[in-house]
Amino acid sequence: MAQFSEDDEGKSVVMGDETVGMVQNVEGGTAHVNPDAGVSDRIKASLDWGDADEDTYPLRDEMVDTITDDEVRLRNQM
């Protein structure tokens with residue numbers, strides 16, 4: 001289970017070889033990700049970020065593979 005803290009704010013969120021966004025903020029242990037503008041709809045759908053044009057999306061624990069000093073690496077959802 002991913003344990004997010006304010007220290008994770010500003011980290012890149014990476015899936016495979018692609019940066020999909022950045023941790024904008026952490027509230028109640030949940031990281032909220034600001035997706036990169038170029039993230040495809042297919043990747044958004046695989047992350048269950050839907051079609052809505054939100055500023056940030058919550059990152060569910062089961063999506064996370066590892067958290068390092070520099071990035072949050074997601075499990076390959078596709």
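The accessible surface of the protein is about 4700 Å², and carbon and sulfur atoms hold 38% of that area (Shrake-Rupley method, 1.4 Å probe). This is a predicted model, in which local features need pLDDT of at least 70 and side-chain atom pairs count only at pLDDT 80 or more, while totals for chains, interfaces and linings use all residues. Residues are numbered from 1 along each chain as its sequence is written, and side-chain values use heavy atoms, with hydrogens and water left out.

The protein has 1 helix and 6 strands, in the order β-β-β-α-β-β-β from the N terminus. Helices (H or I, at least four residues) and strands (E, at least two) are DSSP runs, numbered from the N terminus.

The 6 strands form an open sheet of order 4-3-2-1-6-5 with mixed pairing; two strands pair if DSSP finds at least two bridges between them. Strands 4 and 5 are the edges, each pairing on one side only. Strands 1 and 2 pair in the antiparallel sense over 4 bridges, and M15 has E18 in strand 2 as its bridge partner.

| Strand | Residues |
|---|---|
| strand 1 | residues 12-15 |
| strand 2 | residues 18-27 |
| strand 3 | residues 30-35 |
| strand 4 | residues 57-59 |
| strand 5 | residues 64-67 |

H32 lies in strand 3. Its relative accessible area is 17%, so H32 is buried (under 20% relative accessible area, 1.4 Å probe, protein chains only). Leaving aside residues up to four places away in sequence, H32 touches several residues, among them M22, V23, Y57 and P58 (contact means heavy atoms within 4.5 Å).

Buried residues make up 35% of the 78 residues. Along its principal axes, the C-alpha trace spans about 30 × 25 × 20 Å.

Notes:
Buried means under 20% relative accessible area, exposed over 50%, partly exposed in between (1.4 Å probe, protein chains only).
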